[in-house]
Amino acid sequence: MEIILPRCRWGKIMMKKMREDEERMSGLNHKLRAIYEVIEDSGLYINLNHDVRFHEKKEVPLNLNETESIVLAEESYNSPLLFALLTSVMRNGTMILYGSPGSGKTTSAEFVGAFVHGTLLRETFGDGSGYFKVMEAIHEATIHGHHELTEEKMIGRPHLGKLMRDGEEEIIPRKFMLSPFRMVDEVNRLTPGRTNNLLEMMDRGFSVYGDTKIYAAEGATFLTANFRDVASSDLTPPFLDRIDVGVFAPTLNPYFLEMAGGGEDRKLTGDEEALVARLRKEIGVELTARDFEAIREEIAAVKMEPEALYILYNFISELNGCALASPDIERKSKGFAWFVKPPVLCAQVDDGGMAGGGHLGGCHYHNTENICYKTENEVSVRAGKTIERYAKALAWFRGKERAGLEDVEAVVPYVLWFKLIPTDRAWAERPEFMNDRIALVKDLFETSRNHYLKSRRMIKTLDAVLDLYERALHGEEVDPEMVLEALHSLKSYDSPAKYPIATMLRQVYRELERQSTR
């Protein structure tokens, strides 16, 4: 008994710990939802428009001819606040907030950082003496963009005392690099050299000052940008591609004015440090480093529904495809349309004609059913992975074990709208798309989804082909003729999405042939 009792006690202790871990992990999405609710309900987030909707129930017309309407949904979220929270829990997540001056871009992101990263900020910068000013720590780790900003004010500075006394060169990192929550205010006012420092940090997790590599602390980076003016410049495509998601902070709805900032005027009676401290204490949500790791593990464990993946892959394939980029199937994509891009390229001869003869009516796919001609550039590998990652995170946030089409459809516009370059044809039919790029990407995805559903039976034969491939890898006999049959069926699919499908099928066929000769 003396041997068994300690084991029983240890077993009970371990079982209790496992149950506590399970309860803690299963409740982490509820913690994030609690933060969402307290920020929204307290009025800390100025923009209260709910533009991410699920299970739409009713559409109420707002004019007599019913061309304008507002949608009522069972479940809806505010996109800037929702994606700010999802970005905060990612490993080195990045997000950009666009909007006019005074729209609350910087302040609202700071509140998210205070609630989500408050504990980590205290552990990083606190002195253990008790009261910790979390908003002050965020302000100290913020870069304010302007043309004269130097690397010393941004990345790090030399330790002048040690350099003069001992002749040793040591770099002291700025708090911006050490903080788990980083802000770059008005990033489009930085010079190309300084944005290149950020690009390196966001992409690889470090920046180089002189001969010294300075590693950034693991954490979220938030960028804000005003609309173009005389003191700003356009951010480059390589820089934008490193940013996970982008949102708009729209102009003020005056009916929300009294709620802004928690109903207080900080220039009269407000004290945001005290307000944030009180709200954090009321909800009692503290996210530790262990919680962040557990959240990422839970998000990674979320499965993607096959149908959602098929529609996403088809959308990317249709958008990236370009029949006139090359005569070779492997290079029929916008990535190879270096010198002449859509829509100029689309107006050339179609895939059945030649310059100086034949049909001169333009590319065969230059029609309303396809979407390839509506953007100059393509979806990158980085952006494609980001869509899947955020779809999983959104499903996890909503308490789902699998990410479905509605999660993918909600994420795609916010990952791509600021990265894609629309052609004139993209807004020829809908002038509203000239300004609302989020609505444009939503429309592109919807068009591609409908095109997919029309050809659903043919495309889903890929499922069977991939199953054959898996069986071949496990040593089972399969017939490569099935792959050839699927390849032949592509001739009835009138979309540039067939090019990457054909390339993939050829790879599967080659692997099956290799397996059969072993």
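A residue counts as buried when its relative accessible area is under 20%, and by that criterion W417, at 8%, is buried. The structure described here is a predicted model, with 518 residues in the protein, of which buried residues make up 47%. The protein has 20 helices and 13 strands, and among its contacts between residues at least 6 apart in sequence, 74% join residues at least 24 apart. The points below take up aromatic pairs, helix packing and backbone features in turn.

**Aromatic pairs**

- A search of the whole structure finds 14 aromatic pairs, one of which is formed by Y36 and Y77, an edge-to-face arrangement with 5.7 Å from centre to centre and 85° between the planes.
- Because Y36 lies in helix α2 (residues 28-41) and Y77 in strand β2 (residues 69-77), this pair ties together parts that are 41 residues apart in sequence.
- Y36 counts as buried at 5% relative accessibility, and Y77 is likewise buried, with a relative accessible area of 3%.
- The rings of W417 and F418 have their planes at 75° and their centres 5.6 Å apart, so this pair is edge-to-face.
- F418 is buried at 7% relative accessibility, and W417 is buried at 8%.
- One aromatic cluster is formed by Y98, F227, F248, W417 and F418, so that both residues of the edge-to-face pair W417 and F418 belong to this cluster.

**Helix packing: α15 and α16**

- Helix α15 (residues 405-416) packs with helix α16 (residues 437-454) at an angle of about 135°, and their axes are 8 Å apart.
- The two helices α15 and α16 are therefore oblique to each other, and α15 passes α16 in a right-handed crossing.
- On the α15 side the contact is made by L405, V408, E409, V412, P413, Y414 and L416, while α16 contributes I438, V441, K442, F445 and R449.
- Sorted by class, the contact of α15 with α16 has 9 nonpolar and 3 charged residues, and no polar ones.

**Helix packing: α12 and α14**

- Helix α12 (residues 289-301) and helix α14 (residues 381-397) cross at roughly 105°, with axes that come within 8 Å.
- This angle falls in the range of 65 to 115 degrees that counts as roughly perpendicular, which means that α12 is roughly perpendicular to α14.
- The residues that make the contact are I295, E298, I299 and A300 of α12, together with R389, K392, A393 and W396 of α14.
- By class, the contact of α12 with α14 has 5 nonpolar and 3 charged residues, with no polar residue taking part.

**Backbone features in loops**

- P342 and P343 are joined by a cis peptide bond, for which omega is about 5°, and P343 is placed in the loop between α13 (306-320) and α14.
- N92, a residue other than glycine, has a positive phi near 60°; N92 is found in the loop between α3 (79-89) and β3 (94-99), where it is partly exposed with a relative accessible area of 35%.
- E186 also has a positive phi, near 55°, in a residue other than glycine; the place of E186 is in the loop between β7 (181-185) and α9 (192-204), and at 23% relative accessibility E186 counts as partly exposed.

Methods
Residues are numbered from 1 along each chain as its sequence is written. This is a predicted model: local features need pLDDT of at least 70, side-chain atom pairs count only at pLDDT 80 or more; totals for chains, interfaces and linings use all residues. Side-chain values use heavy atoms; hydrogens and water are left out. Axes are lines fitted to C-alpha atoms, for helices over the stretch in contact, and angles run from 0 to 180 degrees between N-to-C directions. Helices (H or I, at least four residues) and strands (E, at least two) are DSSP runs, numbered from the N terminus. Angles under 35 degrees count as roughly parallel, over 145 as roughly antiparallel, 65 to 115 as roughly perpendicular and the rest as oblique. A crossing is left-handed if the near helix is turned anticlockwise from the far one by less than a right angle, and right-handed if clockwise. Contact means heavy atoms within 4.5 Å. Ala, Val, Leu, Ile, Met, Phe, Trp, Tyr, Cys and Pro count as nonpolar, Asp, Glu, Lys and Arg as charged, and the others, Gly among them, as polar. Rings of Phe, Tyr and Trp (its six-membered ring) pair if their centres lie within 6.5 Å; planes under 30 degrees apart count as stacked, over 60 as edge-to-face and the rest as tilted. Buried means under 20% relative accessible area, exposed over 50%, partly exposed in between (1.4 Å probe, protein chains only).
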